[in-house]
Amino acid sequence: MSDRAEMRGPATRRRRTTTSGGGAAAAKHANGNKCQGAGDKPPRRPATVKANEGARNSGKSDGEMGASEQKHPPDSPKKQKSVVEDFNERLSCHVLQESLLSSASGYSNYRGILNWCVVMLVLSNARLFLENIIKYGILVDPIQVVSLFLKDPYSWPSACLIIVSNVFILAALYTERRLAVGTISEMTGSILHIINLTSMLIFPAATVLIVTSMTPVGGVLSLGIYTVLFLKLYSYQDTNRWCREIRQAKAKRLTRSYSCPTVLQLNGSAVHSHVSYPGNLTHRDTYYFVFAPTLCYQLNFPRSPRIRIRFLLRRLFEMLFIMQLLVGLIQQWMVPTIQNSMKPFQEMDFSRMVERLLKLAVPNHLIWLIFFYWFFHSSMNFVAELLQFGDREFYKDWWNSESVTYFWSNWNIPVHKWCLRHFYKPMLRKGVNKLLAQTAVFLMSAFFHEYLVSIPLKMFRLWAFMGMMTQVPLAWFVGRFLNGNYGNAAVWISLIIGQPVAVLMYVHDYYVIHHEGAT
């Protein structure tokens, strides 16, 4: 009896729970639809059940209202809470909080202000552009661009000088081959490399100074290519010397980790065939390094899996378009400003000189930024994609520089890697002071800046050299006294104001030597 009651009790409770409330109506409605859909008649039910259902149907509306009242009774805690919150919102509308522009607020979404700055910059430069067009007319002349590279259409001294650079490349390769097989000693090889590298700096400089048909722009292009080759070949002989030292230390096989650490594969691509010393001393390997967008040599460079045609075409379009934009901005905007700056400099009118300097700062800085994008992003990515060169870190976030040293370490990564690998760290390993080593790096950079400017202009004023050397005390001052946004502002001011000063100095001296001297 008790067992039967225990067995029947849960079933009774389960039946009661399933037939109570709105759930029973939903179940009934669902079962009814199912029976009708099957085409069967509903089953006969007992009279007591029908009576109960009739009672429920007769009081259906009252039941539904009762159910809704059970769900949300007029005096339920939830409704009382909502009423209290409503009254609280009416009575108090202030909370403890900071203004958005306060640093304590933690607000950082200034995208609208950035867009406003861009719009204001575009509008202000549009006004300057219209003013320039009204005052000077259209000054863009493609024929004049060609004359900047060639004085005589039948004389191409810059192109010939660039072709001759292959002699120095092959000299470095054959010297390394002789050193690899041991036919010449290390001392002899070092002397040959020193002669070859020194000739790479002296020969093009002498050619630019002697050949009268060499234009300043052609001279800058030629000397720039020779300077890049000088840095590349120095890294080439340095890395191969390290390989010989490892081989002499009885290393069986040279892997990439002995030079620059790289990744074995990229994005799951197939790994390119590796070479070991002296198997790298081939024309193919040497000329791949010559054209690769890097200054640091290693036996096995990281390679991309394939050439992306769409990416390559985008970079090519950017190169062509930005080049035309640079030429137009220089001819239309910068050249008239420089020409109008000569008279204040001759008369030593200080206020007018400052006005001309500030007027030149805007186009000069804009052209420098566009040139940075054209060279370090569009051109170098185009060459890297064409050669499947995997290391695309040509620059870092130099625009966030809070110190001068951070800027010079991040705006030109290929040069920074070369200085770090072949100049700065070797000096530290020899026991040189860190500050002295940094000063030596700036000194070398100042030499090459002056080398690339004074020789093509055929005058020696040391403005570029002094401009680079002033970066040493400026770096000390900014690093010691200015931090955060103040340091970043100091870096931007040095870029915006410093470059136009050097440009005006050289243009003024060039004008005095070549124009006033001729008259």
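Visitor: Where is Pro-278 placed?

Guide: In this model, which is a predicted one, Pro-278 sits in the loop between helix 10 and helix 11, the latter covering 283-291. A cis peptide bond joins Tyr-277 to Pro-278, with omega at about 5°. As background, most peptide bonds are trans.

Visitor: Okay, and what is the phi of Gln-388?

Guide: Gln-388 has a positive phi of about 55°, although it is not a glycine, and its place is the loop between helix 14 (350-387) and helix 15 (404-410).

Visitor: Is Gln-388 buried or exposed?

Guide: Gln-388 is buried, because its relative accessible area is 17% and the cut-off for buried is under 20%.

Visitor: What about Leu-462, where does that one lie?

Guide: Leu-462 lies in the loop between helix 17 and helix 18 (463-469), and it too is a residue other than glycine with a positive phi, near 65°. With a relative accessible area of 44%, Leu-462 counts as partly exposed.

Visitor: Switching topic: how many helices and strands are there?

Guide: The secondary structure comes to 20 helices and zero strands, and of the 519 residues in the protein, 33% count as buried.

Visitor: Which residues touch the most other members in the largest nonpolar core?

Guide: That core has 30 residues, and those touching the most other members are Met-200, Val-208, Phe-230, Trp-418, Tyr-451 and Ile-455. At least two residues each come from helix 8 (157-181), helix 9 (186-210), helix 10 (216-248), helix 16 (413-429) and helix 17 (434-457), and helix 17 gives the most, with seven residues.

Visitor: What is Ile-455 in contact with?

Guide: Once its neighbours within four places in sequence are left aside, Ile-455 is in contact with Ala-205, Val-208, Leu-209, Leu-223, Glu-450 and Phe-460. There is also a second, separate core of 28 residues, which includes Leu-173, Tyr-236, Phe-301 and Trp-398.

Visitor: Back to helix 9, where is its kink centred?

Guide: The kink in helix 9 is about 30° and is centred on Ser-199. The 25 residues of this helix should span 36 Å at 1.5 Å a residue, and the end C-alpha atoms are 36 Å apart, so the two values agree.

Visitor: And what covers the buried residues of helix 9?

Guide: The cover includes helix 8, helix 10 and helix 17, while the buried residues themselves include His-193, Asn-196, Met-200, Pro-204 and Val-208.

Conventions
Residues are numbered from 1 along each chain as its sequence is written. This is a predicted model: local features need pLDDT of at least 70, side-chain atom pairs count only at pLDDT 80 or more; totals for chains, interfaces and linings use all residues. Side-chain values use heavy atoms; hydrogens and water are left out. A nonpolar core is a set of buried Ala, Val, Leu, Ile, Met, Phe, Trp, Tyr and Cys residues joined through side-chain atoms within 4.5 Å. Buried means under 20% relative accessible area, exposed over 50%, partly exposed in between (1.4 Å probe, protein chains only). Helices (H or I, at least four residues) and strands (E, at least two) are DSSP runs, numbered from the N terminus. Contact means heavy atoms within 4.5 Å. The expected span of a helix is 1.5 Å times one less than its number of residues. The bend at a residue is the angle between axes fitted to the seven residues ending there and the seven starting there.
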